[in-house]
Amino acid sequence: MQKILIANRGEIALRIIRTCQAMGIETIAVYSEADREMPYVKAATRAVCIGEAQVNKSYLQAEKILEVARAEKVDAIHPGYGFLSENAAFAQQARNEGMIFIGPKPETIDLMGDKIVSRQTMEKAGVPVVPGSGTGLKTVEAALALAENIGYPIMLKASGGGGGIGMVLCENEQALAKSYASTKARALAYFGSDEVFIEKYIADARHIEVQVFGDEFGNLIHLFERDCSVQRRHQKVIEESPSPFLSDSVRQQMYETAVKAARAVNYTNAGTIEFIVDENENFYFLEMNTRLQVEHPVTESITGLDLVKWQILVARGERLPLLQSEVHSSGHAVEFRLYAEDPVRFLPSPGKITTLKWEEKEGVRIDSGYEEGGTVTPFYDPMIAKCIFYGADRQKALEAAETFFQEIKIEGIKTNAPLFLNILANRDFQNGNYTTSFLTKTLVN
Amino acid sequence: MKEITASMAGTVLNIFTAAGESINMGQEVLMLESMKMEIPIESSIEGVVKEVKVNIGDFVNEGDVLIVLV
């Protein structure tokens with residue numbers, strides 16, 4: 001594998017380029033007209049403009065990206081996360097044209113992309129799933145009847161959804177009746193399918209996921225968990241490992257269940273099994289992400305591994321570099337997603353970053369997509385950087401984070417850095433005592 | 001003629017009103033999705049909806065007219 005096209009942008013494109021450079025692999029970046037000045041465009045061996053700013057005119061243009069891949073004669077495509085990373089047709093088409101898609105098999109992407117089918121698959125494999133609909137809902141009456149059966153509150157979700165978009169919390173019958181049609185319409189406009197389903201809403205839950213990795217030889221291992229319970233609008237803000245909440249016995253059970261879930265679909269390459277965990281440590285399969293995760297640096301920090309390198313090795317047909325007994329977790333890592341957004345109302349704050357000063361000391365890793373003088377445009381995810389802190393224990397990692405966010409200087413755009421200082425000063429967070437409702441409950445109201 | 005415009009570029013996720021309806025000040029009339037976030041658009045004026053200029057799924061730029069009131 002000598003040349004890889006990166007079908008993504010921002011920090012993750014830079015992250016992939018870094019590993020490719022270390023492995024002596026050339027990189028082809030693709031970019032939209034709005035991203036011409038982005039650091040990843042300059043860092044790649046070559047870069048090709050693929051269209052206008054809007055994602056459906058550039059980063060979601062599978063055909064256009066494949067055209068560039070053909071013209072550049074690349075050996076493989078790395079999709080990053082988001083965009084086309086979980087698009088089975090894109091993965092299949094790349095394969096049909098003799099290129100390697102760095103990720104799992106297209107059939108696996110397809111299977112796990114449909115949230116109803118993935119629930120069914122996991123149930124069959126003996127993996128616990130959240131109580132809910134076994135099939136797509138046909139009518140609002142069917143939805144109401146099922147919800148009555150499961151008990152409110154429930155989550156109404158789009159089968160093709162993910163990433164926190166396309167789901168609505170319904171506290172009662174009236175709310176479900178009101179949201180049903182609009183959720184269907186949104187699902188159709190957004191994911192191309194208006195299929196929806198219901199899951200019981202688990203209050204005071206934690207969102208904990210397990211990193212898994214498989215190769216073509218049937219080797220499948222886990223790389224420990226990440227606790228992603230600090231969220232806003234169902235989107236992650238802070239992730240850490242180990243989880244400060246789980247007991248060791250449940251932690252172990254969760255690893256075993258994650259490997260079982262991945263084995264049920266003969267999983268290859270990097271993947272993540274997301275679980276929702278209730279206050280009594282009962283855990284349920286939520287979904288599987290068939291790609292590299294945004295928060296993969298947390299796992300890299302506690303294991304000392306390069307997951308992008310592993311992805312490339314497995315994709316070119318090699319065995320996993322380590323067996324389960326050879327991977328170890330040590331110390332504590334926590335990642336904060338620095339967003340260009342108002343820290344109080346969580347609304348996006350695009351603009352030119354006139355000042356960007358931070359210190360990358362020992363134990364601090366910054367995966368940034370931007371540099372000083374760059375512009376955050378309103379077309380893409382508002383994340384400007386991931387700030388990862390590592391320490392011998394949780395307290396040391398959090399101390400490093402606090403110092404970092406006290407010293408950080410960003411001007412020109414609003415960011416959620418002030419929010420991080422509030423979180424770090426919060427007693428419950430310090431004690432690891434937080435659930436998915438932590439942000440809305442503690443800091444907003 | 002009074003207009004409600006987009007506060008930022010994004011995709012129309014949901015429309016909460018239709019022609020002929022009266023709108024109060026501060027009422028949420030439309031939901032935009034931008035930068036993976038839902039941006040509620042509230043009316044800063046009162047009036048009756050003459051025309052909704054966009055459809056669910058449309059991409060709009062900052063300043064584009066979303067709804068015309070009379």
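Predicted model: local features only at pLDDT ≥ 70, side-chain atom pairs only at ≥ 80, totals over all residues.

**Helix H11 of chain A**

I listed the buried residues of H11(A) and got Leu307(A), Val308(A), Trp310(A), Gln311(A), Ile312(A), Val314(A) and Ala315(A). Buried here means 20 or more other C-beta atoms within 10 Å of the residue's own, exposed means 12 or fewer, and partly exposed is in between, with C-beta atoms placed from the backbone. That makes 7 of the 9 residues of H11(A), which spans 307-315, so I noted the helix as mostly covered. Helices (H or I, at least four residues) and strands (E, at least two) are DSSP runs numbered from the N terminus.

Residues are numbered from 1 along each chain as its sequence is written, while chains are lettered from A and ligands numbered from 1 in the order in which they are written.

What do the buried residues of H11(A) pack against? I found helix H1 (10-22), strands S4 (76-78), S5 (100-101), S9 (206-214) and S12 (269-277), and helix H10 (296-303), each in chain A. Contact means that C-beta atoms, placed from the backbone, lie within 7 Å. After H11(A) comes Gly317(A), with a positive phi near 95 degrees.

Next I checked S10(A), residues 220-232: 12 of its 13 residues are buried, so the strand is largely enclosed by the rest of the structure. S9(A) and S10(A) run antiparallel and are joined by 6 bridges; strands count as paired if DSSP finds at least two bridges between them. Phe213(A) sits opposite Ile221(A) of S10(A). Their hairpin has 5 residues between the strands, and Gly218(A) in it has a positive phi near 90 degrees.

On to S11(A), residues 235-241, which pairs with S10(A) over 4 antiparallel bridges. Val230(A) has Ile238(A) as its bridge partner there. This hairpin has 2 residues between the strands, and Arg233(A) takes a positive phi near 50 degrees.

**Helices H4 and H5 of chain A**

I looked at how H4(A) (88-96) and H5(A) (106-113) cross: their axes come within 8 Å, at roughly 175 degrees. Axes are lines fitted to C-alpha atoms, for helices over the stretch in contact, and angles run from 0 to 180 degrees between N-to-C directions. The two helices are therefore roughly antiparallel, the word for angles over 145 degrees. Ala88(A), Ala91(A), Gln92(A) and Arg95(A) of H4(A) make the contact with Pro106(A), Ile109(A), Asp110(A) and Gly113(A) of H5(A).

**Chain B**

UniProt, in an unreviewed entry, lists residues 1-70 of chain B as "domain: Lipoyl-binding"; such annotations may be inferred rather than shown by experiment. I got 0% helix and 54% strand over that range, with the end C-alpha atoms 6 Å apart.

An open sheet of 4 strands in chain B has the order S5-S4-S2-S7, paired antiparallel. S5 (37-42) and S7 (59-60) of chain B are at the edges with a single partner strand each, so one side of each has no neighbour in the sheet. Gly10(B) faces Val60(B) in S7(B).

S6(B) is joined to S8(B) (65-69) by 3 bridges, running antiparallel, and Val49(B) stands opposite Leu69(B).

Key. Parallel < 35°, antiparallel > 145°, perpendicular 65-115°, else oblique. Contact = placed C-beta atoms within 7 Å.
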